[in-house]
Amino acid sequence: MGYLDIAALEKTPAVKDPFHYVVVPDFIQSTQQAEAIENFPDIPQGGSYPLPSLDINPAFQSLLDEIDSSVFEKAVEKKFGVDLQGKPKLFSLRGICRNKDGKIHTDSKEKIITVLLYINEPWTSSGGRLRLLKSKNLDDYVDEVAPDAGTLLIFRRSDNSFHGHEPFDGKRCSIQLNWLTTENQKVFQTIRHQISAIMKKFR
């Protein structure tokens with residue numbers, strides 16, 4: 001049985017104001033969420049980690065493979081009216097959130113689409129809930145996404161795709177996928193994440 005409910009993504013309407021995004025609860029099917037949580041790699045420190053720097057078991061790799069599939073890519077293309085064929089993809093994982101994380105930003109211009117798939121127990125904290133903002137004011141938000149198991153957020157990067165969250169310190173697991181403008185950017189971002197992961201191990 002697969003992890004992802006592609007039909008749920010196809011059926012969920014996208015929002016276009018103040019920027020283009022879609023939120024899909026239970027995108028990881030409810031029967032598979034506990035397995036996804038159990039198999040999430042151990043990430044003891046904050047920041048983004050590239051996949052090669054982590055010990056990923058076969059079950060979790062199966063989930064990543066579904067996200068990396070042409071089926072998912074085509075569903076994203078249709079939802080956002082964008083051609084992603086041949087565009088490089090960059091995966092990273094986060095397992096720990098720090099109080100300094102979640103500052104308001106729009107993502108870099110090299111990113112076309114950002115995918116966040118959360119893999120956590122039901123979220124009870126007021127912090128760590130990603131707010132999709134109308135402005136550079138954290139209280140001026142159009143939507144607030146709790147990082148519950150299986151919740152999917154996809155948005156198209158723009159100059160006003162502001163997002164951020166209230167401080168949270170602790171475990172907050174997510175898969176991030178970005179489609180990038182060029183292969184050079186993928187190489188640059190991968191090397192940057194790898195260096196960061198190595199430095200964290202030394203610390």
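These legends walk you through a few close-up views of the structure.

This is a predicted model, in which local features need pLDDT of at least 70, side-chain atom pairs count only at pLDDT 80 or more, and totals for chains, interfaces and linings use all residues. Residues are numbered from 1 along each chain as its sequence is written, and side-chain values use heavy atoms, with hydrogens and water left out.

**View 1. Three strands form an open sheet.** Here 3 strands line up in the order β6-β5-β8, with antiparallel pairing. Strands are DSSP runs of E of at least two residues, and helices are runs of H or I of at least four, numbered from the N terminus; two strands pair if DSSP finds at least two bridges between them. At the edges sit β6 (141–145) and β8 (163–164), each pairing on one side only. Strand β5 (residues 130–133) is joined to β6 by 4 bridges. To find your way, look for L132, which stands opposite D143 in β6.

**View 2. Strand β7 pairs with β1 and with β4.** On one hand, 4 bridges link β7 to the antiparallel strand β1 (residues 21–24), where V23 stands opposite L153. On the other, β4 and β7 pair in the antiparallel sense over 5 bridges, and L117 faces L152 across that pairing. Strand β7 (residues 152–156) is largely enclosed by the rest of the structure, because 4 of its 5 residues are buried. Buried means under 20% relative accessible area, exposed over 50%, and partly exposed in between, using a 1.4 Å probe and protein chains only.

**View 3. I154 sits in the largest nonpolar core.** A nonpolar core is a set of buried Ala, Val, Leu, Ile, Met, Phe, Trp, Tyr and Cys residues joined through side-chain atoms within 4.5 Å. The largest has 39 residues, of which L9, L63, F72, I113, I154 and I175 touch the most other members. Elements that each supply at least two residues include α1 (6–11), α3 (58–67), α4 (70–80) and β9 (170–180). Another core, of 9 residues, lies apart from it, with L116, L130, L132 and L153 among them. Beyond its neighbours within four places in sequence, I154 is in contact (heavy atoms within 4.5 Å) with residues including L9, F72, V76, F80 and I113.

**View 4. D101 is a buried loop residue.** You will find D101 in the loop between β3 (89–97) and β4 (111–118). D101 counts as buried because its relative accessible area is 13%. A polar atom of the D101 side chain lies 2.8 Å from the backbone nitrogen of R98. Leaving aside neighbours within four places in sequence, D101 is in contact with R94, I96 and H165.

Technical notes: Polar contact = N/O pair within 3.5 Å; in protein donor to acceptor, adjacent residues only side chain to side chain.
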